[in-house]
Amino acid sequence: MSKSCKGLAIELVKCLSESDCVKVEKRSFRECAGEKSPCIPSECVGLRETYFNCKRGQVDMRARIRGNKGY
């Protein structure tokens, strides 16, 4: 269960590493993932929301019994 969001985390890091926020502005992944900036592509924003829902599902007792939805 703890590793079920690992694939999403890897995809999010790959997406952010190719964004202008990391390449051009030389910011860290944590800074770029935490803000809503126009230099972050919409795919990364979608991955960030999906990753957040996956991590939240690990805490929710109903989701822990049924398993995370999607990924």
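Which residue does a disulfide join to C15? The partner is C44, and the distance from S to S is 1.9 Å. I will come back to that pair after some background.

This is a predicted model, in which local features need pLDDT of at least 70 and side-chain atom pairs count only at pLDDT 80 or more, while totals for chains, interfaces and linings use all residues. Residues are numbered from 1 along each chain as its sequence is written, and side-chain values use heavy atoms, with hydrogens and water left out.

First, the overall picture. The protein has 5 helices and 0 strands. Here helices (H or I, at least four residues) and strands (E, at least two) are DSSP runs, numbered from the N terminus. Of its 71 residues, 27% count as buried. Buried means under 20% relative accessible area, exposed means over 50%, and partly exposed lies in between, with a 1.4 Å probe and protein chains only. Take contacts, meaning heavy atoms within 4.5 Å, between residues at least 6 apart in sequence: 50% of them join residues at least 24 apart.

Now the disulfides. In general, a disulfide is a covalent bond between the sulfur atoms of two cysteines. The rule used here is a pair of cysteine sulfur atoms within 2.5 Å, and by this rule the count comes to 3.

Back to the opening pair. The link of C15 and C44 is left-handed, with -100° about the S-S bond. C15 counts as buried at 13% relative accessibility, and C44 is buried with a relative accessible area of 2%.

Next, C5 is joined to C54, with an S to S distance of 1.8 Å. C5 sits in the segment before helix 1 and C54 in helix 4 (residues 42-59), so the pair ties together parts 49 residues apart in sequence. Both cysteines, C5 and C54, are buried.

The remaining pair to describe is C21 and C32, at 2.0 Å from S to S. Its torsion about the S-S bond is about -90°, so this disulfide is left-handed. It links distant parts of the chain, with C21 in helix 2 (residues 20-23) and C32 in helix 3 (residues 29-34), 11 residues apart. C21 and C32 are both buried.

What pattern do the disulfides follow, with bonded cysteines counted along the chain? The pattern is 1-6, 2-5, 3-4.

Finally, a residue outside these pairs: is K14 buried or exposed? K14, in helix 1 (residues 6-17), is exposed, with a relative accessible area of 53%.
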